[in-house]
Amino acid sequence: MKILVINGPNLNMLGKREPEIYGQETYADLVDYIQEAARETGAEVEVFQSNHEGEIVTKIQEAYGKADGIVINPAAYTHTSVAILDALKAVALPAVEVHLSDVTKREAFRQISYIRPACEKTYMGMGFAGYRQAIVYLTGQYGQ
């Protein structure tokens with residue numbers, strides 16, 4: 001199974017940006033964690049990060065016919081991007097939304113997810129472990 005993992009704006013700043021919310025681990029640590037979770041499930045994973053909405057839309061579109069599923073942490077675009085929602089709907093691949101923090105316990109504007117209607121599941125507030133859960137879900141290895 002091929003899974004595309006997409007990370008949105010500012011995730012490249014993990015370890016520096018608001019460590020009280022996002023922790024001390026770096027983006028490189030996150031990529032290593034995702035790759036290990038993929039190895040554990042036998043999935044092939046491609047990890048992509050961009051601070052630009054259009055690049056994320058293009059990457060989703062490029063997944064059509066190439067990936068079996070998408071794990072996406074759209075970060076701030078969660079709350080603003082109809083374009084990312086439309087791209088996910090257009091490719092119609094199983095998708096899982098992930099957030100490092102529990103957005104339900106944060107600012108009011110973070111309560112809206114434009115992305116969620118195109119996703120089968122959402123994992124939030126689990127830190128890096130949310131990515132593992134998303135990969136496990138997409139590979140059908142529930143409960144592991």
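This is a predicted model: local features need pLDDT of at least 70, side-chain atom pairs count only at pLDDT 80 or more; totals for chains, interfaces and linings use all residues.
Local features need pLDDT of at least 70, side-chain atom pairs count only at pLDDT 80 or more, and totals for chains, interfaces and linings use all residues. Residues are numbered from 1 along each chain as its sequence is written, and side-chain values use heavy atoms, with hydrogens and water left out.

**Helix packing**

Helices (H or I, at least four residues) and strands (E, at least two) are DSSP runs, numbered from the N terminus. Axes are lines fitted to C-alpha atoms, for helices over the stretch in contact, and angles run from 0 to 180 degrees between N-to-C directions.

Helix H2 (residues 27-41) packs with helix H5 (residues 129-139) at an angle of about 30 degrees. Their axes are 9 Å apart. H2 and H5 are therefore roughly parallel to each other. Angles under 35 degrees count as roughly parallel, over 145 as roughly antiparallel, 65 to 115 as roughly perpendicular and the rest as oblique. The crossing of H2 past H5 is right-handed. A crossing is right-handed if the near helix is turned clockwise from the far one by less than a right angle, and left-handed if anticlockwise.

H2 brings Leu30, Tyr33, Ile34, Ala37, Ala38, Glu40 and Thr41 to this contact. H5 brings Ala129, Tyr131, Arg132, Ile135, Val136 and Thr139. Contact means heavy atoms within 4.5 Å. By class, the residues of the H2 and H5 contact are 9 nonpolar, 2 polar and 2 charged. Ala, Val, Leu, Ile, Met, Phe, Trp, Tyr, Cys and Pro count as nonpolar, Asp, Glu, Lys and Arg as charged, and the others, Gly among them, as polar.

Helix H3 (residues 53-62) packs with H4 at an angle of about 5 degrees, with axes 9 Å apart. That makes H3 roughly parallel to H4. The H3 side of the contact consists of Glu53, Ile56, Val57, Ile60 and Gln61. The H4 side consists of Ala83, Ile84, Ala87, Leu88 and Val91. These residues of H3 and H4 divide into 8 nonpolar, 1 polar and 1 charged.

H5 also has a buried set: Gly130, Tyr131, Ala134, Ile135, Val136, Tyr137 and Leu138. Buried means under 20% relative accessible area, exposed over 50%, partly exposed in between (1.4 Å probe, protein chains only). The buried residues of H5 pack against E1, H2, E3, E4 and E5.

Threonine 41 belongs to helix H2. At 10% relative accessibility, threonine 41 counts as buried. A polar atom of its side chain lies 3.0 Å from the backbone oxygen of alanine 38. A polar contact is a pair of N or O atoms within 3.5 Å; within protein, one must be able to donate a hydrogen and the other to accept it, and residues adjacent in sequence count only if both atoms are side-chain atoms.

Threonine 78 sits in the loop between strand E3 (69-73) and helix H4 (82-91). It counts as buried, at 1% relative accessibility. Its side chain places a polar atom 2.6 Å from the backbone oxygen of alanine 75. Beyond neighbours within four places in sequence, threonine 78 contacts Glu97, His99, Ile112, Ser113, Tyr114 and Ile115.

Isoleucine 115 lies in the loop between strand E4 (95-99) and strand E5 (121-124). At 0% relative accessibility, isoleucine 115 is buried. Not counting residues up to four places away in sequence, isoleucine 115 touches Ile72, Pro74, Tyr77, Thr78, Ser81, Ile84, Leu85, Leu88 and Glu97. The C-alpha atoms of isoleucine 115 and proline 74 are separated by 8.0 Å, though the two are 41 residues apart along the chain.

**Positive phi and loop positions**

| Residue | Phi |
|---|---|
| Asparagine 10 | about 75 degrees |
| Alanine 92 | about 55 degrees |
| Glycine 140 | near 75 degrees |

Asparagine 10 is in the loop between strand E1 (2-7) and helix H1 (19-22). At 36% relative accessibility, asparagine 10 counts as partly exposed. Alanine 92 is in the loop between H4 and E4. At 60% relative accessibility, alanine 92 counts as exposed. Glycine 140 follows H5.

Tyrosine 64 lies in the loop between H3 and E3. Tyrosine 64 counts as exposed, at 58% relative accessibility. Its C-alpha atom is 8.2 Å from that of alanine 92, 28 residues apart along the chain. Tyrosine 64 touches Val91 and Leu93, not counting residues up to four places away in sequence.
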